[in-house]
Amino acid sequence: MTVIEVNELSKDYRQHFWTPLRRVLDRVTFSVQESEIFGFLGPNGAGKSTTIKILFEIIFPTSGSAKIFGKDVGDKDVKAKIGFLPENPYFYDYLSATQFLNFHGGLMGMDHQTLKRRVPEVLELVGMKGTERMYLRSFSKGMLQRVGLAQAIIHDPDLIILDEPMTGLDPLGRREVRDLMLHLKSKGKTIFFSTHILSDVESICHRVAILNKGKLLSCGSLDELISVDVKSVDMVWLQPNSEFRERAQRIDANLIASPESLFMKIERGISESKADFDFRIQGFVQDGLQKGVKLQSLSPRKESLEDVFVRQVGRLETRV
Amino acid sequence: MNFIHRHPVFMIAHNAYLEARHSKVLHIAGLFAALLILFSLFLGEVSLFQNEKIVKDIGLASISLLGVFIAIYLGVNSLYQDLEKRTIYTIMAKPIGRREVLIGKFLGMAFVLFAVVVMMTVYLYLVTAFLESSIDWSLLPAIGLIFMELLVVAAMSVFFSSFSSPFLSAFFSAGLFLIGRVSRELADFGERSKNIVFKYFATGVQKVYDLDSFDLRAVVVHKLPVYAEDFWYPVLYGFLMIFFFVLISNELFARRDFK
């Protein structure tokens with residue numbers, strides 16, 4: 001089942017009424033399926049937050065449409081099934097954590113009894129147990145992020161949309177948020193989150209969309225985006241003789257040489273087939289061994305999400 | 001009753017009330033108005049047999065002045081702060097419409113203004129208790145109309161804040177408030193003017209926009225009779241004005257992008 005359906009979404013902004021219109025989102029189309037963790041990737045200014053704002057009618061699209069659970073994004077029944085954590089959230093700091101969650105739960109239509117049970121539950125889930133009576137003004141950035149996450153899941157939504165949820169969190173906090181996302185996913189929830197922290201995406205996402213300068217560059221599963229083929233091979237040779245060193249310098253490779261060892265990174269050519277590359281590496285290794293040089297290690301390197309991201313984002317001339 | 005208490009509009013209103021209660025600016029303004037009323041006691045002493053009148057006149061003027069300041073301050077800041085600090089984002093993600101948010105905010109302001117007027121009224125009666133042995137209930141219609149006028153000013157400020165910055169909104173609101181307060185003088189000028197355009201403009205403005213009609217201060221302080229129409233016509237007019245401003249604010253607020 002399709003949970004989010006974004007179709008040809010565009011947004012034009014005007015800084016002031018006398019400045020020209022600037023396109024910040026350009027015919028973006030993608031969909032998010034039920035029970036998946038979907039990563040929305042892009043550098044700053046790519047249009048990630050703009051897309052998310054449109055999903056909540058915080059801003060309106062210039063053209064195109066967005067549907068959630070098959071209905072228009074402004075629908076109140078739809079909103080009741082979504083939890084949302086905005087980027088760099090700021091909340092009413094004169095409220096305690098309990099008052100804050102009661103307020104947001106109340107707006108979701110939750111009754112007093114349910115909130116009484118649910119508030120400690122979600123605070124524990126986000127690692128904020130014991131802060132029930134503490135005021136938000138005394139919270140650190142990371143604590144605000146966590147309590148924001150708590151308000152996003154207090155009503156047990158089917159879809160959770162998180163805009164840069166790892167911002168402001170230390171490595172431990174990031175790990176906990178990742179675990180929480182996986183926990184929610186295991187309960188059948190759909191999670192859509194924007195980020196530029198690629199390791200987070202690689203470790204938990206099923207599918208990703210990469211956005212840059214308002215354009216969707218690619219969308220698909222990690223397997224589809226990241227090539228399974230070997231892109232380069234790292235080798236460390238011990239006690240290389242001068243003949244081998246000369247041979248190594250003649251081939252197209254990055255070298256780091258010391259008197260005792262030689263590090264080599266041989267990259268696969270753009271138009272080189274996998275078989276040709278394998279043959280080239282095999283030949284070079286055999287040659288080295290025949291010359292009596294000891295091969296300490298050989299590590300084939302596959303493409304990472306970071307490589308995909310840099311390759312795709314690098315297509316466009318400059319970043320905003 | 002529980003339905004009302006849990007209704008999103010009232011939850012937003014309650015939160016807006018809590019927000020205002022924590023504002024240091026409003027506490028300082030309240031203290032200033034309280035000191036002004038206290039000062040009127042000394043001013044009354046130097047006047048000739050006018051003690052009570054001076055205290056009541058300054059007291060009512062202080063309630064009005066403080067109220068107008070709070071109405072404009074909250075009106076222009078309440079929505080703007082939510083947009084600027086982006087607290088509105090999490091609220092917009094809830095099953096609540098933009099119109100309900102704006103009406104909730106306005107109701108919250110109305111609660112604050114009501115609380116301020118009640119507190120200042122009690123304080124004024126305590127101060128006048130030094131001068132009179134009995135409570136002068138005739139001040140209440142004037143105070144009621146001050147409250148009505150404050151609601152109009154708050155609605156006006158919300159209207160301006162729905163499309164402009166706090167500074168401009170405050171400037172426009174204060175300007176429109178002053179025009180409303182001198183609309184009768186403006187009409188008098190117009191009547192005597194030889195410029196036909198100005199004449200129709202000035203008298204026309206007074207016919208549709210007259211905040212002077214909310215001012216019963218001179219009448220109650222001088223113990224003149226207050227007729228029913230002196231009170232109920234302005235109340236009706238006030239409700240119409242509030243309806244007008246909130247309706248337009250709602251339409252503007254519902255269409256704008258929150259960047």
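**Conventions.** I number residues from 1 along each chain as its sequence is written, and chains are lettered from A in the order in which they are written. Because the model is predicted, local features need pLDDT of at least 70, side-chain atom pairs count only at pLDDT 80 or more, and totals for chains, interfaces and linings use all residues; side-chain values use heavy atoms, with hydrogens and water left out.

**Entry 1: interface.** I looked up the contact (heavy atoms within 4.5 Å) and found 30 residues from chain B and 32 residues from chain A. The buried area (accessible area, 1.4 Å probe, that two parts lose on being put together, summed over both) is about 2,800 Å², and carbon and sulfur atoms give 60% of it. I found 13 residue pairs in polar contact between the chains, both residues at pLDDT 80 or more. A polar contact is a pair of N or O atoms within 3.5 Å; within protein, one must be able to donate a hydrogen and the other to accept it, and residues adjacent in sequence count only if both atoms are side-chain atoms.

I then looked for salt bridges (a side-chain nitrogen of Lys or Arg within 4 Å of a carboxyl oxygen of Asp or Glu), and the rule finds 2 across the interface. One of them joins Lys11(A) to Asp257(B), at 2.4 Å from N to O. On the side of chain B that touches chain A, helices H2 (8-21), H5 (87-92), H6 (98-128) and H12 (228-255) each supply at least two residues. H2(B) gives the largest share, 6 residues. Helices here are DSSP runs (H or I, at least four residues), numbered from the N terminus.

**Entry 2: Ser161(B).** Ser161(B) lies in helix H7 (residues 139-161) of chain B. I note it as buried because its relative accessible area is 3%, where buried means under 20%, exposed over 50% and partly exposed in between (1.4 Å probe, protein chains only). A polar atom of the Ser161(B) side chain lies 3.2 Å from the backbone oxygen of Gly75(B). Leaving out residues up to four places away in sequence, Ser161(B) touches Gly75(B), Val76(B), Leu79(B), Ser169(B) and Arg256(B).

**Entry 3: Val205(B).** I located Val205(B) in helix H10 (residues 196-208) of chain B. Val205(B) counts as buried, at 16% relative accessibility. Its C-alpha atom is 7.6 Å from that of Ala187(B), 18 residues apart along the chain. With residues up to four places away in sequence not counted, Val205(B) touches Ile179(B) and Leu186(B).

**Entry 4: Val46(B).** Val46(B) sits in the loop between helix H3 (24-45) and helix H4 (51-84) of chain B. Val46(B) is exposed, with a relative accessible area of 70%.
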